[in-house]
Amino acid sequence: MTLLHLSFYAAFTLSSLGLAFHRTHLISALLCLESMMLSMYIALSMWPIQAQTPAPTLLPILMLTFSACEAGTGLALLVASTRTHGSDHLHNFNLLQC
């Protein structure tokens, strides 16, 4: 395993651990999701270089598009929940009550 692979795995693992254990604010969960997507984007961008294929792939651009949509949706939910509940603390949300 090269140092490049190790850094991508470590970034993805640390951001998923941050998502699992630091669940007090919605904005911290969104930041952890964005760091997971960023590490996956960089890994997919470096994959053709590591495999030494001459043609660039469309997969990183497609993933970047979905990541931007995910970020926009997350920020819209953050604004809506802050307006209705008064804060972005995750313990204030009750998913059973609509």
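This is a predicted model: local features need pLDDT of at least 70, side-chain atom pairs count only at pLDDT 80 or more; totals for chains, interfaces and linings use all residues.

Visitor: How do you know that the length of helix H3 agrees with its number of residues?

Guide: Helix H3 comprises 27 residues, 59-85, and at 1.5 Å a residue these should span 39 Å. The end C-alpha atoms of H3 are 38 Å apart, which agrees with that expectation. After H3 comes Gly86, with a positive phi near 95°.

Visitor: Which residues of H3 are called buried, and against what do they pack?

Guide: Buried means under 20% relative accessible area. In H3 the buried residues are Pro60, Met63, Ser67, Gly74, Leu78 and Ser81. They pack against helix H2, residues 26-51.

Visitor: Why are H2 and H3 called roughly antiparallel?

Guide: Their axes cross at roughly 175° and come within 10 Å. Angles over 145 degrees count as roughly antiparallel, and H2 and H3 are therefore described in that way.

Visitor: What makes up the contact of H2 with H3, by class?

Guide: The residues that meet include Leu30, Met37 and Tyr41 in H2, and Met63, Glu70 and Leu78 in H3. By class, this contact has 16 nonpolar, four polar and two charged residues.

Visitor: Where does the UniProt record place the "transmembrane region" annotation?

Guide: The unreviewed UniProt entry gives that annotation to residues 6-22, 29-49 and 61-80. In the model, residues 61-80 are 100% helix and 0% strand, with end C-alpha atoms 29 Å apart. Residues 6-22 are 94% helix and 0% strand, and their end C-alpha atoms are 23 Å apart.

Note on methods:
Residues are numbered from 1 along each chain as its sequence is written. Side-chain values use heavy atoms; hydrogens and water are left out. Helices (H or I, at least four residues) and strands (E, at least two) are DSSP runs, numbered from the N terminus. The expected span of a helix is 1.5 Å times one less than its number of residues. Buried means under 20% relative accessible area, exposed over 50%, partly exposed in between (1.4 Å probe, protein chains only). Contact means heavy atoms within 4.5 Å. Axes are lines fitted to C-alpha atoms, for helices over the stretch in contact, and angles run from 0 to 180 degrees between N-to-C directions. Angles under 35 degrees count as roughly parallel, over 145 as roughly antiparallel, 65 to 115 as roughly perpendicular and the rest as oblique. Ala, Val, Leu, Ile, Met, Phe, Trp, Tyr, Cys and Pro count as nonpolar, Asp, Glu, Lys and Arg as charged, and the others, Gly among them, as polar. UniProt positions are given in the numbering used here, feature names are shortened, and annotations may be inferred rather than shown by experiment.
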